[in-house]
Protein chains: 2
Amino acid sequence: MKLIADNLRITKTDIQNALKAYDPKPIQALVNQCVEKGAWAIDVNTGPLGKFSERGMTFFIEAVQSVTELPLLIDTSNPVAMRVGLEAVDNKVIINGFSLESHKLEKIVPLAEEYDADIIGFLLYPDSRVPRDEAKRFEIALELFEQADAAGVSKERIIIDPVVPPLAWEDGIVQARAVLNVIRMLPDLLSFPVRTIAGLSNLTTGAGDKTKKRLVEQSYIAMLAAAGLDYALMDILDHESVSVAKASGILAKEELFSWGMVSG
Amino acid sequence: MKLIADNLRITKTDIQNALKAYDPKPIQALVNQCVEKGAWAIDVNTGPLGKFSERGMTFFIEAVQSVTELPLLIDTSNPVAMRVGLEAVDNKVIINGFSLESHKLEKIVPLAEEYDADIIGFLLYPDSRVPRDEAKRFEIALELFEQADAAGVSKERIIIDPVVPPLAWEDGIVQARAVLNVIRMLPDLLSFPVRTIAGLSNLTTGAGDKTKKRLVEQSYIAMLAAAGLDYALMDILDHESVSVAKASGILAKEELFSWGMVSG
C-alpha cells in the first residue's frame, strides 16, 4: 500500500497566503516534511483556482517540483488548471480525478491519454451523490471504465476511488464496509488487477476526541490494506496512523516477513 | 467481536504457586482485573495438570467462579481434567478444544454434547502440524465437522480456530493471510454461520521491540475483525490492543455508528 500525502491543500490558510504572494517557501517546507515522512507521492490540491487557474497552477507545480521528484497528483476540478498543471509537470503524474459528471468526462478524461497520465475515477453518481450499496458502486465502476474507453483512455490508466464516507453519516458505517468490499472484489469482478485509492480524511469527520479518532482511523486503515488497497491518501505527518498504514501494508502484501521491516 | 482473556495461564509462576498452595487469591485478583477490562469470557488455561487433574481443575474453576459469572473456556488437553472442569462449572462453558488427534476425538469431543457445551476445533493435522494453505484448512474444517457429527456433536456447537501462526515463521506472513481468508470464507463454504476464534499471542512471538509488536498486532486485530472473527483470545490487560479490538469490532459488525460507542 503506497502512501500519498494529502497535506498540501488550498484550504489551509498558509497555503492560500503562499499562493497570493507567489511565495514557494511554505509549500516547499511542507513538501519537504512529507518527503521525509516517507510519502510515495504528493497530492497537489489546488482547488478550482478561479482567476489563478494558469499562473497559480504553474506556481504550485513548480514549487513542489523544486524540492521533490516524487509522483504528483494534480487535484483540481478545473480543466483549464488541470491542463496547465499537466504542461508544467515533469514528475510522474496522476490526474485527480474524474467522475460520471459530463463536463469531467469531456474535459478531464481525454487529458489522461494526451499527457500519458494515470487518472483517478470516483465511484459517484453524475451529480456527485454517493451510491447506496456495493452493487451500485460496481455499476458505476463499469460505467467509468466504459466512458474512459470511449474517450480513448485505457483501463490500465484508471485508479478507482470508492469514496470513503464519514462514519457520522446516517449509514456511514455500512457504507464504509461497502467500500472495503468494493476494493476487495473489483479486480475479480473486472477480471484485471484494478488499482484502487482511498482518502482517509473524511472517515472521522466530526470526531471530537482525538484518541477515538485515532483508534477508528487506524482500524480502518488496516482493513483497507487487507482489502487490497493500492494507494492510501492520508495525513502523512500523522506518525501513528502512518506507522499503522505501513505495518498493515506489510501484513497485506509481503511474501516474507522480518521484524526489521516494521518501522516503529 | 467478543474478547476473551488469555491471561489466566498455568505457565505464569504466580498461577503455578497459587495452584501448589491451593490459594485462590492470585487467581481471583487476575480474573477481577480481566472482568474490569471488559472481557466477554475467561480462558482457564490449566495445562494438562498431571497429578493435579482432579483437585487442581476443581480448584481453578471454583476460584474463577467465585468472582465472575462470565463464560469460561476450559483449556486443557487432558480429558480427565476436562470432565472434572465440566462437572465443576456453573457458568456458560466452552471446551478448548479438539483437533483431528484421535484421542481428542474419542475423549474430548463427546463431552460437548454430554455437558451442553460449545467446543473449539483447531485447524491442525492429527499430528498437530499446521496446514500449508487455505485449501488444506478448508479440508480439515470439513473433517472436524464430520468427526464431531459422528460423535453426536452438532455443528452449531463448534467454534473453529484457524490457528494464527507466528509471523517469524518462514512463511508466517502468508499463513497469517490464509487465516484471514479462512475466517472470511468458512461461513459461505459451509453454508451456515460458522463461528470462529483466533488467539493473538503467537502472532508476534520473537518481536524484540514493543512498538513494532504493538503496530503489527493491532493491524492484524483489525484485519481479523474485518474478516468476520467472532471471538478474539487476547491479553485483555493490554489497554491499547483491546481498544483497537473494540473499535475494529464496531467497524466490522455494527449497523449504526456514533462516536459515543468508541471507548478511547
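Modeller: Before we start, two strands pair if DSSP finds at least two bridges between them, and strands (E, at least two residues) and helices (H or I, at least four) are DSSP runs, numbered from the N terminus. This is a predicted model, where local features need pLDDT of at least 70, side-chain atom pairs count only at pLDDT 80 or more, and totals for chains, interfaces and linings use all residues. Residues are numbered from 1 along each chain as its sequence is written, with chains lettered from A and ligands numbered from 1 in the order in which they are written.

Colleague: Great! In what sense do S5 and S6 of chain B pair?

Modeller: Strand S5 (residues 118-122) and strand S6 (residues 158-161) of chain B run parallel, with four bridges between them.

Colleague: And which residue is the bridge partner of B:Ile120?

Modeller: That is B:Ile159, in S6(B).

Colleague: What do the strands S1 to S8 of chain B form?

Modeller: A closed barrel of eight strands in the order S1-S2-S3-S4-S5-S6-S7-S8, with parallel pairing.

Colleague: Switching to helices: at what angle do H8 and H9 of chain B pack?

Modeller: About 25°, with the axes of H8 (residues 172-190) and H9 (residues 210-227) 8 Å apart. Axes are lines fitted to C-alpha atoms, for helices over the stretch in contact, and angles run from 0 to 180 degrees between N-to-C directions. So H8(B) is roughly parallel to H9(B), a label for angles under 35 degrees.

Colleague: Nice. How confident is the model overall, by ipTM and pTM?

Modeller: The ipTM is 0.95 and the pTM is 0.97.

Technical notes:
Parallel < 35°, antiparallel > 145°, perpendicular 65-115°, else oblique.
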